Amino acid sequence: MSGSRLQYALVTPARNEEAFIELTIQSVVSQTVRPVRWLVVSDGSTDRTNEIVTRYALEHDWIELLEMPKRQGRDFGGKADSINAGYSSLVTRLPSRSPAEAGQPSVPFDFVGSLDADISFEKDYFAFLLQKFAGDPELGVAGTPFSENGETYDYRFSSADHVSGACQLFRRECFEAIGGYVPVKGGGIDVIAVLTARLIGWRTRTFTEKISHHHRPMGSANHRRKLITSFRFGQKSYRLGYHPVWQLFRTFYQMTRKPYVIGACADTLGYFWAMLCRVERPISTELVQFQQRDQMKRLSAFFKKFAICKAAATQNGSFRARV
C-alpha cells in the first residue's frame, strides 16, 4: 500500500506551550498527508495554549482540544497519562446505530503518533514516515532525529533502533501491544516504549534522512543547571537499565560535548549514585536484561569494526613503506 493511502492520528501532550505550539500546529496543518484526527491534550495549561489550539480547531475539524484536570508540577508521568488519555479518546466507540457500525472506532487509522508541542518540520515529514511503514510490515515505531540550536545528535555514536520521544509514530497494533506509555515521573517513557516494542518482536527505527526542529531547549543555558541535568540523566540511565560498562563508554563520548569533562562526570556520578542507593527501576527485569544484552552487542560490534579499520590502516601503512 502506498504511504499516502495510509491513515494516521496524532496525540500531542501540552502544558503551558504558548511559546512554541503554534509552530507545531502550522507544521501539521501544512503536511502533504494530514492526520485524520489530531488530539492536543492540555495537561492543566494556565497560559494561552488552550486558546491557540481552539482557534485552529475552529478552522480545521480534525483538530481537537482535550483538557485534563489541573495538577501540581510538570513531569513525564503526566505526559504519559496525557498521551494515553488522548489515545483512549481516539478509539472511543461509536454508538450502535447499526450492526455495521457497532464496535467501530470513531475515526479509522493505521498509525498513531506522539508529537511534542515544541517541534516543527517539513511539509512531507509524515508522508516520509508513512512510506517507510508501507515498505516494512515489521516496522512498529519510526521517527527522525531532531536538531536543537543547530545541532543534531550524531547517530554514528548511537543506535538508530532508538526513536526520539519528540515524535514517535507507531503502527497501531504495536502501540496497543505495548500497552501505551508507562507513566514514569523521572522520564524515559519514550525509551521504555521502544524497548518494549523491540522486546516483543517489532522493528524500531530512526530515519536520519529527515529531521525535526526542537525549539524548547533541553535544560537551561545556566552552567549549574546543565550539571544538575547531566546528573539526573545519569540517574535516569540507571533506572532504564543501562549496563555499567556501557555507561562508562558513554562518559568518554559525553566528554566531546559541552560542558565536556565536568558534564560527563556529573552524568556518570548520577548513574553510580543511583546504583549505590539501589534506586528502584520502573521496568521489568526482562526489559533490563534485554537492554543490557543489546548494549553489549553494540559495544562488541563497535570494537570489531574499530579493530578491522586499525588493521587495514596498519596494512596500508606497511604497503606504502615498502613502496
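Buried residues are those under 20% relative accessible area, exposed residues those over 50%, and partly exposed residues those in between (1.4 Å probe, protein chains only). The model is predicted: local features need pLDDT of at least 70, side-chain atom pairs count only at pLDDT 80 or more, and totals for chains, interfaces and linings use all residues. Residues are numbered from 1 along each chain as its sequence is written, and side-chain values use heavy atoms, with hydrogens and water left out.

**View 1. Overview of the protein chain.** The chain contains 10 helices and 11 strands; these are DSSP runs, numbered from the N terminus, with helices (H or I) of at least four residues and strands (E) of at least two. Of the 323 residues, 47% are buried. The accessible surface comes to about 16,800 Å², and carbon and sulfur atoms account for 55% of it; areas come from the Shrake-Rupley method with a 1.4 Å probe, and for residues only the protein chains shown count as cover. Among contacts (heavy atoms within 4.5 Å) between residues at least 6 apart in sequence, 80% join residues at least 24 apart.

**View 2. The seven-stranded open sheet.** The strand order is β3-β2-β1-β4-β9-β6-β10, with mixed pairing; two strands pair if DSSP finds at least two bridges between them. Strands β3 (63-68) and β10 (203-206) stand at the edges with a single partner strand each, so one side of each is left without a neighbour in the sheet. From one strand to the next, the twist averages 20°. Strands β6 (residues 139-143) and β9 (residues 167-171) run antiparallel and are joined by two bridges. Val-141 has Phe-170 in β9 as its bridge partner.

**View 3. Helices α4 and α6 across the sheet strands.** Helix α4 (residues 125-134) lies across β1 (8-14), β4 (111-115), β6 and β9, at about 35° to β9. Helix α6 (residues 189-199) lies across β6, β9 and β10, and runs at about 30° to β9. Axes are lines fitted to C-alpha atoms, for helices over the stretch in contact, and angles run from 0 to 180 degrees between N-to-C directions.

**View 4. The salt bridge between Glu-17 and Arg-216.** A salt bridge is a side-chain nitrogen of Lys or Arg within 4 Å of a carboxyl oxygen of Asp or Glu, and by this rule the count comes to 16. In this pair the closest N and O atoms are 2.6 Å apart. Glu-17 lies in the loop between β1 and α1 (21-29) and Arg-216 in the loop between β11 (212-214) and α7 (223-239), so the pair ties together parts that are 199 residues apart in sequence. Glu-17 is buried, at 5% relative accessible area, whereas Arg-216 is partly exposed, at 27%.

**View 5. The salt bridge between Asp-124 and Lys-210.** The two side chains meet at 3.1 Å, N to O. Asp-124 belongs to the loop between β5 (119-120) and α4, and Lys-210 to the loop between β10 and β11, 86 residues apart. Asp-124 is partly exposed, with a relative accessible area of 30%; Lys-210 counts as buried, at 13%.

**View 6. Arg-198, Asp-161 and their salt-bridge network.** The side chains of Arg-198 and Asp-161 meet at 3.8 Å, N to O. Arg-198 is in helix α6 and Asp-161 in the loop between β8 (151-152) and β9, 37 residues apart. Arg-198 is buried, with a relative accessible area of 18%, while Asp-161 is partly exposed, at 23%. Through shared partners, salt bridges join Asp-161, Arg-198, Arg-205, Asp-294 and Arg-298 into one network.
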